[in-house]
Amino acid sequence: MNKGEGLVDPSRFTPRDLGSEALAGVLQRPGRAALTALGTVVGVATFVIVLGLTATVGGQISSRFTVLGATEVQIEDTSVDAELDGPAFPPDAATRVQAINGVVRAGVYWSAGERTVNSRPLADTADTDAFPIVAASPGAVTAMHPVVAHGRLFDDFHDRSAERVALLGAAMAARLGIQRLDTHPAVFVGGVPLTVVGILGDAERHAELLLSVVVPERTVERLWGPPGSGQPTKMIVETRLGAAAVVASQLAAALRPDAPDRLKVTAPPDPRSLRDSVATDLNSLFLVLALVCLGVGMVGIANTTFVAVLERTGEIGLRRSFGARGSHIAAQFLLESAILGTMGGLIGTCVGTLSVVAIAAARHWTAVVEPWTVLPAPLLGTVTGLIAGLYPAMRAARVQPVEALQR
Amino acid sequence: MTAVIEFDAVGRTYPGPPPVAALHPADLVVESGQYVAVVGPSGSGKSTFLNLVGLLDVPSTGHYRLDGIDAGELSENHRAALRGRRIGFVFQAFHLLPHRTALENVMLGMLYQGVPRAERQDRALAALTEVRLAHRLLALPSQMSGGERQRVAVARALVNEPSLLLCDEPTGNLDTVTAEAVLELFHGLHARGMTLVMVTHNDDVAERADRIVTIRDGRLEERR
């Protein structure tokens with residue numbers, strides 16, 4: 001310290017004084033402040049709307065995935081010639097799959113070709129139509145979650161003992177004139193009588209069942225032989241909610257440890273990855289737009305603050321004559337631009353959030369606005385204001401009081 | 001008597017090219033309680049003198065002591081603090097902030113002096129009473145006459161109880177009647193012991209001072 005400096009009490013500018021001076025500086029021209037903040041308002045609002053809408057649309061996508069779809073894993077045989085390569089699935093396939101944690105039930109099924117179906121034994125086969133026959137294990141039928149309109153589904157007993165039973169889709173049953181099951185009606189499939197134990201009203205994800213005759217797999221094997229070429233065996237696995245992906249990764253090895261590549265396992269798409277892919281497409285485009293708006297807002301604030309510094313040169317000189325340091329002047333102008341930015345950020349956040357809610361309401365969507373996008377959004381405005389104020393504040397600090405006071 | 005201003009061969013040369021000697025090295029002592037007028041035509045070096053005395057500029061040669069403190073040895077920040085504490089400025093253009101009331105403008109004078117907020121209003125009120133403006137506390141500058149505005153500026157200069165009141169053409173923007181009232185105010189302050197340095201080009205104004213110093217072509221000369 002030089003001689004004499006101990007005699008001088010340094011100038012002070014308390015944070016509270018700094019705050020009230022900066023606020024007064026902003027509020028003495030409210031109209032100009034509002035216009036200046038507009039760029040930041042638009043920028044921050046765009047930011048919030050983009051992120052809010054992406055989250056909302058993403059939520060919408062994932063809610064469209066039904067629980068059914070998200071818990072169903074399909075396994076197909078990729079073999080070109082099943083007769084040459086042998087059966088795709090081992091006889092105890094269902095038992096093996098059920099040993100995997102997360103599996104609810106599983107079963108094998110295949111399309112067993114088309115055969116004539118009639119409700120009378122001696123009908124003229126010439127004028128009867130052929131319908132697809134589906135061979136399915138009881139587990140597979142249950143896993144397809146059909147709605148039973150009448151009767152019941154066949155069970156393990158029917159399958160084990162190759163009982164001659166069948167399930168009919170509602171449309172087929174109506175066509176064959178079968179409306180009630182208490183008389184134990186039969187259908188003649190390729191001339192073989194099968195007792196109809198149940199009529200399926202609906203099967204949301206497997207509508208092909210409604211136009212088929214579903215027969216236990218062992219019954220099909222006994223009557224018409226194992227699945228031939230062109231009749232690939234498939235397996236359906238129902239998992240617990242959320243377990244589909246994990247279960248799917250283990251299935252091939254569990255079923256065919258000798259040739260896991262022969263099986264093609266199709267797991268439902270992960271809702272999160274789908275949502276993310278939608279999000280990134282939208283985001284990257286509009287976030288660039290938001291950044292452009294913020295840039296425009298920043299230039300606006302910088303320009304206004306710079307003009308204010310020029311306009312208020314006299315005031316700066318006056319403050320210097322009161323003992324203000326250059327840093328005190330700089331801090332005041334920096335805070336003024338930061339306040340402008342923050343105001344813009346706050347208003348922009350409100351506008352953005354309201355827009356997201358309004359758009360979601362108009363579309364009957366559930367508005368999803370992540371807290372991590374809304375809470376820091378006003379800060380985005382503050383940072384914009386701070387950066388914008390840097391140069392004008394430095395200029396203000398360098399204003400020479402001598403020149404300023406002679407105006 | 002103690003010296004408020006001590007010029008010890010103080011000179012100011014503005015670097016060129018070509019270098020301009022705005023103030024040739026000069027000695028000057030202003031004692032506490034004196035009323036000094038500094039007169040000279042435009043371009044004579046009055047502004048340079050004012051800036052040096054007001055610690056807004058530093059001498060290129062010599063030593064300037066204010067209240068015995070050598071300004072040349074202080075850092076920029078300490079010089080600002082000394083200026084704020086010991087010197088009250090009154091400008092020709094008043095320099096009142098347009099969006100603030102008379103009271104707030106006077107309070108602004110204490111902003112950087114570490115005066116507690118609670119105390120500021122009382123002190124500003126006292127200063128405004130001293131310049132007989134207690135009835136105009138909440139008036140904005142645009143609602144006041146020129147004379148009133150200059151009295152607010154004087155109150156603002158007095159509020160830190162400075163050692164020196166430094167006036168730059170304080171009546172330059174006022175009509176003769178109003179100017180007379182402001183000069184009366186200065187006279188009263190002088191009578192109560194305030195040290196006054198008034199820079200002017202008006203001889204009538206200068207005549208009221210105890211001492212008159214002239215500046216001509218950057219040379220300081222005692223006339224009376």
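Visitor: How many residue pairs are in polar contact across the interface of chain A and chain B?
Guide: In this predicted model, the rule finds 8 residue pairs in polar contact across the interface of chain A and chain B, both residues at pLDDT 80 or more; a polar contact is a pair of N or O atoms within 3.5 Å, where within protein one must be able to donate a hydrogen and the other to accept it, and residues adjacent in sequence count only if both atoms are side-chain atoms.

Visitor: And which elements of chain A give two or more residues to the side that touches chain B?
Guide: They are helix 1 (15-27), helix 12 (313-321), helix 13 (326-362) and helix 16 (401-405) of chain A, helices being DSSP runs of H or I with at least four residues, numbered from the N terminus. Helix 12 of chain A gives the most, with 6 residues.

Visitor: What about salt bridges, how many between chain A and chain B?
Guide: The count is 4, a salt bridge being a side-chain nitrogen of Lys or Arg within 4 Å of a carboxyl oxygen of Asp or Glu. One of them joins the side chains of A:D17 and B:R117, at 2.5 Å from N to O.

Conventions:
Residues numbered from 1 in each chain as written. Chains lettered and ligands numbered in written order. Predicted model: local features only at pLDDT ≥ 70, side-chain atom pairs only at ≥ 80, totals over all residues. Heavy atoms only, no water.
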